[in-house]
Amino acid sequence: MTAPVEGLPGQAPQPDVGALLDAVVAELGGSARAGQQTMAREIAEAIESHRHLLVQAGTGTGKSLGYLVPAVAHAVRTGEKVLVSTATLALQRQVMTRDLPLVATALTPHLARSARVALLKGWQNYACVHKLAGGYPPDDAGTLFTLEADHPAGPRPGRGSDTDEESLGEQVVRLRAWAEETTTGDRDDLVPGVSERAWRQAAVTSLECLGQKCPMLDSCFPERARQEARAADVVVTNHAMLGIAASGSPNVLPEHAVLIVDEAHELADRVTGQATAELSAATIEQAARFARRHGGVATTELDAAGAAVGGLLMGLPEGRFPHGLPDDLRTAVAAVRDAARGLLTELKPGGDKDAAVVSGLKVAASAMLVLFEIAERMAADPSGHDVVWSSRGAEGDGRRAGITRLFIAPLQVSGLVREVLLGERTGVFTSATLNLGGSFDASARSLGLAVDSEGSGWRGLDVGTPFDYAKQGILYLARHLPAPGRDGVPDAQLDELAELIEAAGGRTLGLFSSRRGAVAAAEAMRERLDVPILCQGDDQLPTLVEQFTADEATCLFGTLSLWQGVDVPGPACRLVVIDRIPFPRPDDPIRSARTEAVAAAGGNGFMQVSATHAALLLAQGAGRLIRRADDRGVVAVLDPRLATARYGTYLARSMPPLWPTSDKAVVTGALRRLAD
């Protein structure tokens, strides 16, 4: 029995967090794992001592309960709010609907009262009752600037949906009927879901919202969610919301004393994504159209400035601008900024206007404000704090192909994480991949934590995993293959891939560094092998994963979306193939700029940026193999540099500790035995 600790003044001693974890896991009919116990106790100690903690918890540790138990106990005992952030809405839903209710219920007999919990998402994830009631102008073209969407642009059907069988009108009718019945207004509670275009008929951005002036404020779903979050002990949100807060809107989050970040290895990229802005002739024209249609103002100056920007973009080469925009383009963007500033003044809703007019003005003003802020950032003198580049849209990326756009992103987001998200709060960061190359320094650096002093205010902890990787899996290092080049997939690599898949009897997850490589390999294997080969892009990814799981002979090839988050335990996945070390592209504007900045400061830019990026993806990709204690299989890396290059040791140490070999006969023999 664990020792008690002192409770609040006047209370009897209360069980420590280890005993509380035992009580929770007992509700599931089991007992807490050693790693789970260590994790819970260390998190409780970190919160108590106001010291940041990085916790690597391998697959199967049960890390959700490991951090939720100390979070709930601390929040209820002290009255300090704890914010829990997940990387995806799927994990957020799991925590909110399964794990957290279990913890809160199991801990109630051991605490002074029941824990109050709440869910918080971005504004556009909730239906707007005022818009559904006709209080906003029709949104035929869609919202141009989506500041607080937790999802990328494009269709995002909900669970169990097949929106291709429904017209837009049918989806909107069903959405309206649901809005009359729902108690949350949360898009993810609408099953089947609807397309992005249909959802835009029901949601607004926070900038478009009328706020306290809304005639239907008492029925507002996002406002109700924020009120519940302010009153809760533990609030569950997601990394997109943290990115919004870090990018200049800290008030989207309730006041809290402790921040717990699950899947913390994704936080820096999510914050970078939220802080990245885009400008093109089309976005300028869309904002102007909103101003004319919904605000009733003339946009002559903005139209002229937008035309000038569009003309200059037509002849602009793709790539990064190390010293800021070219002078003529900067001048044109500054003209957009000045015109947008003037229109913002004209779009202010003065006088006694009715709610419908005010709603239209808010729609127009919100788009104009975002346009102004983006143009102001891009027209500013280069300071070294931002990365600016141009890129042409490609088929399949959600944009029109061939259209040149400007982008701007912060060079580093570690300062935003440190100053905005942490501040005076205690941060707990957990993931299965934080210890890269045998050190937490790279992860700590990305989170704005100092790594060059003893009194840095944080510590790293690896609580291990319940899996015996060396007995459950093999790491095959194909050192005899030629190093991958830029001219597609080498024949030798295709021969090796075919031989491995044949030995495994299918059952292969192929992780490729490029879409072109995945497609080429899939086409080659379809010609050579008599097993089903699925390739990312053939259908929606959840459908492909479901097909891969259902048929053991099936193989699934894909790119980045498959490297992390795909969970296929059991015999359907006996072989994970990685085509090459996933270094970032040399022309990646943000990472190339960060590499140069590290080198200019006297560091090793390749190791701190490119190798760290590759190490993280290798760890995530190799982690797709062993998902349960009875899983067996092989991770095959067809890039000999992992075995021969000087940096290979660093990369290999970041991966799960599988048994390594370069003997192909041993590997194919093991795969055949597993297949039999």
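In these legends, a residue is called buried when its relative accessible area is under 20%, and every view is taken from a predicted model.

**View 1. Strand E11, residues 404–410, with its side chains on both faces.** All 7 of the 7 residues of strand E11 are buried, so the strand is largely enclosed by the rest of the structure. Thr404, Leu406, Ile408 and Pro410 point to one side of E11, while Arg405, Phe407 and Ala409 point the other way, and the residues of both sets are buried. Strand E10, residues 386–392, runs antiparallel to E11 and is joined to it by 7 bridges, with serine 391 standing opposite arginine 405 of E11. Strand E8, residues 277–279, also runs antiparallel to E11, here through 3 bridges, and alanine 277 has isoleucine 408 of E11 as its bridge partner.

View 2. E9 is joined to E10 by 2 bridges in the antiparallel sense, and glycine 319 stands opposite serine 390 in E10.

**View 3. Aromatic pairs, beginning with the one between strands E10 and E11.** The structure holds 7 aromatic pairs. In one of them, tryptophan 389 and phenylalanine 407 have ring centres 5.5 Å apart and planes at 15 degrees, so the pair counts as stacked. Tryptophan 389 belongs to strand E10 and phenylalanine 407 to strand E11, and the pair thus links distant parts of the chain, 18 residues apart. Tryptophan 389 is buried at 11% relative accessibility, and phenylalanine 407 is likewise buried, with a relative accessible area of 9%. Phenylalanine 467 and tyrosine 469 form an edge-to-face pair, with 6.1 Å from centre to centre and 85 degrees between the planes. Phenylalanine 467 is buried, its relative accessible area being 10%, and tyrosine 469 is buried at 9%. Elsewhere, Phe583, Phe606 and Tyr647 form one aromatic cluster.

**View 4. Strand E7, residues 258–262, between its pairing partners.** Because 5 of the 5 residues of E7 are buried, this strand is largely enclosed by the rest of the structure. Val258, Ile260 and Asp262 lie on one side of E7 and Leu259 and Val261 on the other, and both faces are covered. Strand E4, residues 82–86, runs parallel to E7 and is joined to it by 4 bridges, in which leucine 83 has leucine 259 as its bridge partner. E7 also pairs in the parallel sense with strand E12, residues 426–431, over 5 bridges, and the bridge partner of leucine 259 in E12 is glycine 427.

View 5. A search of the whole structure finds 0 disulfides. The cysteine sulfur nearest to that of cysteine 128 belongs to cysteine 214 and is 6.0 Å away; since a disulfide requires cysteine sulfur atoms within 2.5 Å, cysteine 128 is in no disulfide. Cysteine 214 is also in no disulfide, and its nearest cysteine sulfur is that of cysteine 128. Cysteine 128 is buried at 13% relative accessible area, and cysteine 214 is buried at 14% relative accessibility.

**View 6. Selected salt bridges.** The count comes to 37 salt bridges, one of which joins glutamate 42 to arginine 459, with the closest N and O atoms 2.6 Å apart. Glutamate 42 lies in helix H2, residues 34–49, and arginine 459 in strand E13, residues 458–462, so the pair ties together parts that are 417 residues apart in sequence. Glutamate 42 is partly exposed at 24% relative accessibility, as is arginine 459 at 33%. Glutamate 285 and arginine 289 meet in a salt bridge of 3.2 Å, N to O, and are separated by about one helical turn because they are 4 residues apart in helix H11, residues 281–295. Arginine 377 and aspartate 386 form another salt bridge, at 3.5 Å from N to O; arginine 377 is partly exposed at 30%, and aspartate 386 is partly exposed at 33%. Salt bridges with shared partners also join Arg93, Lys121, Asp186 and Asp188 into one network.

Methods. Residues are numbered from 1 along each chain as its sequence is written. This is a predicted model: local features need pLDDT of at least 70, side-chain atom pairs count only at pLDDT 80 or more; totals for chains, interfaces and linings use all residues. Side-chain values use heavy atoms; hydrogens and water are left out. Buried means under 20% relative accessible area, exposed over 50%, partly exposed in between (1.4 Å probe, protein chains only). Two strands pair if DSSP finds at least two bridges between them. Rings of Phe, Tyr and Trp (its six-membered ring) pair if their centres lie within 6.5 Å; planes under 30 degrees apart count as stacked, over 60 as edge-to-face and the rest as tilted. A salt bridge is a side-chain nitrogen of Lys or Arg within 4 Å of a carboxyl oxygen of Asp or Glu.
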